[in-house]
Amino acid sequence: MQVNTLCIIGAGTMGTGIAQIAAQADIAVTLVDTDDAALERSRGLLDKSLRGGIEREKLTVEQADAVRERVRWDTTRGAVSEADWIIEAVFEDRAAKESVLCDVSAQARASVPIATNTSTIPIHQLASACTGPERFLGMHFFNPAPAMKLVEIIPGTQTSPAVAEAAVALCERMGKTPLLAPDIPGFLVNRAFGALVCAATDIWVKGGKPEDIDAALEMGLGHKMGPLKTADLVGLDVVLALLRSLSEQTGDAMFRVPDVLTEMVEDGKLGRKSGEGRLLHLRRMIDCDCRLMR
Ligand code: NAD
């Protein structure tokens, strides 16, 4: 499948990041969003990312200019009917995604693949909103898309093998490493991370030191970053939402949301983004020690 034009619905953090890597791979991209303010934010995000790329010597000024020329922004969906590939990257809300997918699949050419960047919604459920579910699949990029190598490719029950293969080829063309993931809650990364963070938190509340738990997985299993540090980095509110989703979808006790996590999020302790980061663990550990000593 020849991909010269890509249309992305949703010009937020992920849509804009994906637009950048596609444009860097010589693909003409149209980013569609609901209003001019959203598009203005997206232009700013792309510009900031390109400037960062130049500063870190990942991009030349010429390459950054060429990317800007290949990206267009639009509040209408005119580009959908012209596109060779479509990626949906609107809010993580099933009804919003279904409405977009229903409209876009009716407007796009019949053979054009349509991907969703959902983090948590089952692909087979979203597929039922699409005309032509055999051309629909998940392409789960990670944030920040220009820097993160991994893309999870998630075929649904009806996705044609040709479309899954074309998605793999498209990711490789964009310099990414695609991995096939089953259509199960959390796919690969979020499912494994959810289980790890629950286990690490369980050890912590039973008296393990957070630093030691992270170090044990780093040194003992060769993980690059322990699950508690990772949770601090991505934000405890994001982790809480992930665990709630995994727990609801699977009913599995492995993903039971730890009370301490809910409490911390309710207290506004969100990890690094609220300025607490690793200190959060230390403070919590002192509380635990006090409880154990009593
Ligand atoms: P975001 O809030 O930054 O952007 C979403 C954009 O979608 C907004 O600009 C919004 O105006 C737009 N939008 C909403 N409804 C629309 C519609 N009907 N038509 C056109 N545009 C519409 O969100 P994000 O962080 O970019 O996340 C997008 C998707 O990517 C979600 O499914 C999310 O789960 C997934 N994802 C996010 C991350 C992350 O770390 N942010 C990582 C991987 C996957």
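Leaving aside its neighbours within four places in sequence, which residues is Gln20 in contact with? I would like to begin there, and the reply is that Gln20 is in contact with Leu46, Ser49, Leu50, Leu59, Val67 and Pro146. Gln20 is found in helix α1, and at 3% relative accessibility this residue counts as buried, since buried means under 20%.

The protein chain averages a pLDDT of 93, and 94% of the residues score at least 70. There is a stretch to treat with care, however, because over residues 288–294 the pLDDT is below 50, and where pLDDT is low, the predicted coordinates should not be read in detail. Beyond near neighbours in sequence, residues 288–294 have three contacts in the model.

Let me return to helix α1, which covers residues 13–24 and also holds Gly17. Gly17 counts as buried, at 7% relative accessibility, and, if we leave aside its neighbours within four places in sequence, Gly17 is in contact with Ala145 and Pro146. Gln20 and Gln107, 87 residues apart along the chain, have C-alpha atoms separated by 24 Å.

Now to the backbone, where I would point out a cis peptide bond that joins Asn143 and Pro144, with omega at about 0 degrees. Pro144 has its place in the loop between β6, residues 136–141, and β7, residues 150–155.

For Glu57, phi is near 60 degrees, a positive value in a residue other than glycine; Glu57 is found in the loop between α2 (36–55) and α3 (61–70). For Phe187, phi is near 50 degrees, again a positive value in a residue other than glycine, and Phe187 lies in the loop between β8 (177–180) and α7. Is each of these residues buried or exposed? Glu57 is exposed, with a relative accessible area of 73%, whereas Phe187 is buried, with a relative accessible area of 2%.

Finally, I would like to turn to the helix packing around α9. Helix α7, residues 189–205, packs with helix α9, residues 227–234, at an angle of about 110 degrees, their axes being 9 Å apart, and the two helices are therefore roughly perpendicular to each other. α7 passes α9 in a left-handed crossing. On the α7 side the contact is made by Phe193, Leu196, Val197, Ala200, Thr201 and Trp204, and on the α9 side by Pro227, Leu228, Thr230 and Ala231. Divided by class, these residues are eight nonpolar, two polar and no charged.

α9 also packs with helix α10, residues 236–250, at an angle of about 110 degrees and with axes 6 Å apart, so that α9 and α10 are roughly perpendicular to each other. Here the contact is made by Ala231, Asp232 and Val234 of α9, together with Leu236, Val238 and Val239 of α10, and by class it has five nonpolar, no polar and one charged residues.

Note on methods. Residues are numbered from 1 along each chain as its sequence is written. This is a predicted model: local features need pLDDT of at least 70, side-chain atom pairs count only at pLDDT 80 or more; totals for chains, interfaces and linings use all residues. Side-chain values use heavy atoms; hydrogens and water are left out. pLDDT is the predictor's confidence in each residue, from 0 to 100. Contact means heavy atoms within 4.5 Å. Axes are lines fitted to C-alpha atoms, for helices over the stretch in contact, and angles run from 0 to 180 degrees between N-to-C directions. Helices (H or I, at least four residues) and strands (E, at least two) are DSSP runs, numbered from the N terminus. Angles under 35 degrees count as roughly parallel, over 145 as roughly antiparallel, 65 to 115 as roughly perpendicular and the rest as oblique. A crossing is left-handed if the near helix is turned anticlockwise from the far one by less than a right angle, and right-handed if clockwise. Ala, Val, Leu, Ile, Met, Phe, Trp, Tyr, Cys and Pro count as nonpolar, Asp, Glu, Lys and Arg as charged, and the others, Gly among them, as polar. Buried means under 20% relative accessible area, exposed over 50%, partly exposed in between (1.4 Å probe, protein chains only).
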